[in-house]
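Thanks for making the time this morning.

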Amino acid sequence: MTNNRRRFDISLLALTLTLITIGLLAIYSAGGGRYLLRQLIFVPIGFFGIFLFFLLPRRILYGLTEPLYALTLLLLIAVLFLGTGPGARRWFQIGSFSLQPSEFAKITVTLMLAKYLSYKREIKPNFASLAGPILIMVIPLLLILLEPDLSTALCLVPPFAAMLYWQGLRPLHILLLFMPFLSFAAGFSLYLWIPFFVFLAVLVFLRMRFFRAIAALATGTVFGLLSPVVLSLLKDYQRTRLISFFAPWFDPHGMGWNAIQSQIAIGSGRLLGKGFLHGTQKRLGFLPNRHTDFIFSAIAEETGFIGSLLLLLVIGFLIRRILLIAYNSRDKNASLIAIGFAAILFYQAFVNIGMLLGLLPITGVTLPFISYGGSSLLTCCLMIGLVLNISAQPE
Amino acid sequence: MKNRLKRLTGIIIILFGILSLRLSYLQLIRGARYARLSDRNRIRKIVLPAPRGRIYDRNGVLLADTRPSFTVTVIPTETNDSALTLLASLINLPFAELKRRLEPIVAFPSPVTIYRNADPTIVARIQENNFRLPGVLIRIDPVRNYPYHELYSHTIGHLGEVTEEELAKDSTYRRLDFVGRTGVEASYEKVLRGKDGYEFVEVDARGREIGPLAEKRPEPPIPGKDIYLTIDHRLQNLAAELTKNYDRAAVVGISVKNGAIICLLSRPQFDPNIFFSTINPSFWKNLVNNPSKPFYNRAISSGYPPGSTFKPLVALAALKDHIVTPTTTLLPCTGTFRYGNRTFKCWSTHGTLNLLGAIEQSCNVYFYQLGLRLSIDSLTEFCQRLGLGKPTGIDIPGESPGNIPSREYLDRRYGKGKWTRGTMLNFAIGQGEIMLTPLQLATLYCCIANEGYYYRPFLVSHIDSAGIRVKVTQPTRIDVSINKQDLMQVKKALTRVVQFGTGRAAQHNEITIAGKTGTAQNPPRPDHAWFVGYAPAEAPEVVFAVLVENAGHGGAVAAPIVGELIRAYFSSYDE
């Protein structure tokens, strides 16, 4: 045990606490005292989560993986019938708090994938090798899609891809795995699909044998052609709904209002920012959901380029720390878990900030540790707890 | 492993690098501009209302369009209570109501519509007080305009302000928007409405607009699609002219060859333009409390006893059941008919007639005798086969199914076995519980004219979007199994009705008109006058059904109206 304690990763904990503190300050500035108080209730719960997963013997968690995964599926099904939420069924309302099972699915799916992949010696680009992991990821993904919550559902894909890569699958094969869906989504607009097709063609002809390349290209084409066919079968309003769901970036009339507001807030921060509590955009209420998905805009407005860059660096170091822990762990299962978590945190941070900067479509992805919300904070804390556990005890 | 760690780190650095580059672009390069825009959030979102689609008649006569009107709007974030108090007094609106209209405060400074179709005096008053009314803007919006006023009140229908329930259901509507309530305006609401556009403009510190926002392209409004009706404006106008001396009347004209409605009129009418103006309360009260119910579409929503216009149908049912042949004579008409201890009257003394003669002279006594021999089930079945007793399916809302009493209906109404064959006597002359709308009678005669089929009546012939035809109504043919020989005999009788019988007032020099009069009893008030006719008798093109409430004899009142309409119909098409 003494030997293990030495490995306790103090810098990871410090980075985490830094992010949580930034989040609290930002929530206070953007949402006011009411939201800060509510979020403060979740902070001890988050700390408890960190220590719980830090102290929990991983063997127990390993043994519990399947039951936890099954429980997640049950909750995801139950939320479809019992859940609440505006326009979708995403949360269980428990008293004045709400619980979002799709958040916890991120953890259990990663655990399940890690367990499955860890006793596979080698992963090959064939059906027998990939059917298992795909099923593990796709079933909860489809259930979350039914809520419907596309942006959370997509959060399951990066850990899946990263873990397959970590386990030795070539990036080309991972890309080909997702190609049909990418092609279908790109198919909503020719302007998107043509560059996609060209990119795919160049890639497969450079990296694959001729006939396989042709087959891959043909598959992509079929899926790409499928979307206009599907669209033509739908009524007008169904078509708009489908496009805005699967391809929110396909906005024929240019950038959305929220994106502009967010960019004005960020841009007006300039080099040094307007100062803590001095943001004007968020105070006037022009920023939508300013304490949740749009909190980075408020931070960037008040702390400017320097502050935003520092925040990016903190997040980057945190993820780099987790990657190193994964690399140093000799426990294959634990290593995969850490990779999966790193992928989730990185994906969410990148998508959240990218959409606020106007680089990506606006979707409902939270900024880890910083956005207001209990489920999101607790999920992130549990991940960190487990990664600390991994770094401390190489089982 | 080492390689993969390096690559993953590389991906993180590249992607976060992209974010940093974008950050530096927004904050360092474009920072000054965004700082200026955010200074007092100098962007305003302006709604560009979509003009509603136009409505034309079959020859391109414009029946409904939009005209510019003044709209008073308020930007909630730029105004204050003292300005609102002043505004409330200027537009004669309670302050609380004004506040309520501002309620859906949106997250950005966007003008909220407060008062539509403001008259110029109000606009002038607001402009005079401009300096005391920060955040109050006058905008010019398209508003519905009906150049022919009341002429199409029931066909095109009218608009009404959107209700709270509709707002809750469909978020694309905004407060004070107008929605189709009746007629084509209602059934084609989605087609006519179009889609509002948006524009983002930059404003200076004093709230004056500088120009469009470069970052956001305006989304132009998509005007509603244009609708072409099957209505012929000339005939509609004439129908109104011919019925102008009657309080309550209905006129339906249908093209026999495809079901296109060429004229649809209900009296009394109202001017649908009134919904866009400040209505004089007493005027409104008169309209709503008018016992003749001006909002009621008598042509499609009101069932009337069809009277003698129903007789050809009874004749066909009797022929089908082989109760009579066209030449069968029954007991002579002495002006009355005794059944049980009741005396049923005829309108004249006709002596001995055969079936065709009985139709021609509209002899009740002959039809009483048919009624006694007909089975109720057979008659009900025959009516239903012709589509009576249910809506015809015309493409505007509010259609009544009419009433075709069945055995079950009579049992329910009078008690099992409590009704007698006396009821059938009444049915045989189109009285009693039988109720048909003028539209149903018109389609019935289309079926007779076509010898066994008719088309579902429709009002919209095609829809254009920006000058391009996007939809054309395909006529729906409905076949009815009726013996063609029987139909030809009845048609012969209908021709004689106009030549020699009760419908002589509908005669025309060159065109043979066929039809049937009806005088529907409506005790204790005067009879309703009916005439349904088609022409030319040899090769029918058009059917007109005219009903005039409480106006007396169909032959005297309704037949000449149909005659005039048919005359006009052929003169306009022969030219």
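This is a predicted model: local features need pLDDT of at least 70, side-chain atom pairs count only at pLDDT 80 or more; totals for chains, interfaces and linings use all residues.

Let me begin with a proline, Pro148(A), which sits in the loop between α6 (127-146) and α7 (150-154) of chain A. The peptide bond that joins Glu147(A) to Pro148(A) is cis, with an omega of about -5°.

Pro536(B) belongs to the loop between β20 (525-535) and β21 (542-548) of chain B.

Staying with the backbone of chain B, there are two residues whose phi deserves a look. Asn117(B), which lies in strand β4 (residues 112-118) of chain B, has a phi near 50°, a positive value in a residue that is not glycine. Is Asn117(B) buried or exposed? Its relative accessibility is 13%, and because buried means under 20%, Asn117(B) counts as buried. Lys293(B) likewise has a positive phi of about 50° without being a glycine, but its place is in the loop between α10 (281-289) and α11 (298-301) of chain B. With a relative accessible area of 52%, Lys293(B) is exposed, the cut-off for that class being over 50%.

Now to helix packing in chain A. Two packed helices are described by the angle between their axes and by the distance between those axes. Helix α2 (residues 10-31) of chain A and helix α14 (residues 295-328) of chain A have axes 10 Å apart and pack at an angle of about 160°. Angles over 145 degrees count as roughly antiparallel, and α2(A) and α14(A) are therefore placed in that class. Their crossing is left-handed. The residues that make the contact include Leu12(A), Leu15(A), Leu19(A) and Ile22(A) on the α2(A) side, and Ile299(A), Val314(A), Phe317(A) and Leu318(A) on the α14(A) side. By class, this contact divides into 17 nonpolar, four polar and two charged residues.

The other pair I want to show is helix α4 (residues 58-82) of chain A with helix α5 (residues 101-118) of chain A, whose axes come within 9 Å and cross at roughly 140°. That angle makes α4(A) oblique to α5(A). The way α4(A) passes α5(A) is again a left-handed crossing. Among the residues in contact are Tyr62(A), Leu68(A), Tyr69(A) and Leu76(A) from α4(A), together with Ala105(A), Val109(A), Met112(A) and Lys115(A) from α5(A). The contact of α4(A) with α5(A) holds 12 nonpolar, six polar and two charged residues.

Finally, let me turn to a sheet in chain B. What is the strand order of this open sheet? The three strands run in the order β1-β8-β9 (chain B), with antiparallel pairing. The edges are taken by β1 (43-48) and β9 (209-212) of chain B, each of which has a single partner strand, so one side of each is left without a neighbour in the sheet. On average, and with direction ignored, neighbouring strands here are turned by 40° against each other. Strand β8 (residues 197-203) of chain B pairs with β9(B) in the antiparallel sense over three bridges, and the bridge partner of Glu202(B) in β9(B) is Gly211(B).

That is where I will stop, and I am glad to take questions.

Definitions and conventions: Residues are numbered from 1 along each chain as its sequence is written. Chains are lettered from A and ligands numbered from 1 in the order in which they are written. Side-chain values use heavy atoms; hydrogens and water are left out. Axes are lines fitted to C-alpha atoms, for helices over the stretch in contact, and angles run from 0 to 180 degrees between N-to-C directions. Helices (H or I, at least four residues) and strands (E, at least two) are DSSP runs, numbered from the N terminus. Angles under 35 degrees count as roughly parallel, over 145 as roughly antiparallel, 65 to 115 as roughly perpendicular and the rest as oblique. A crossing is left-handed if the near helix is turned anticlockwise from the far one by less than a right angle, and right-handed if clockwise. Contact means heavy atoms within 4.5 Å. Ala, Val, Leu, Ile, Met, Phe, Trp, Tyr, Cys and Pro count as nonpolar, Asp, Glu, Lys and Arg as charged, and the others, Gly among them, as polar. Two strands pair if DSSP finds at least two bridges between them. Buried means under 20% relative accessible area, exposed over 50%, partly exposed in between (1.4 Å probe, protein chains only).
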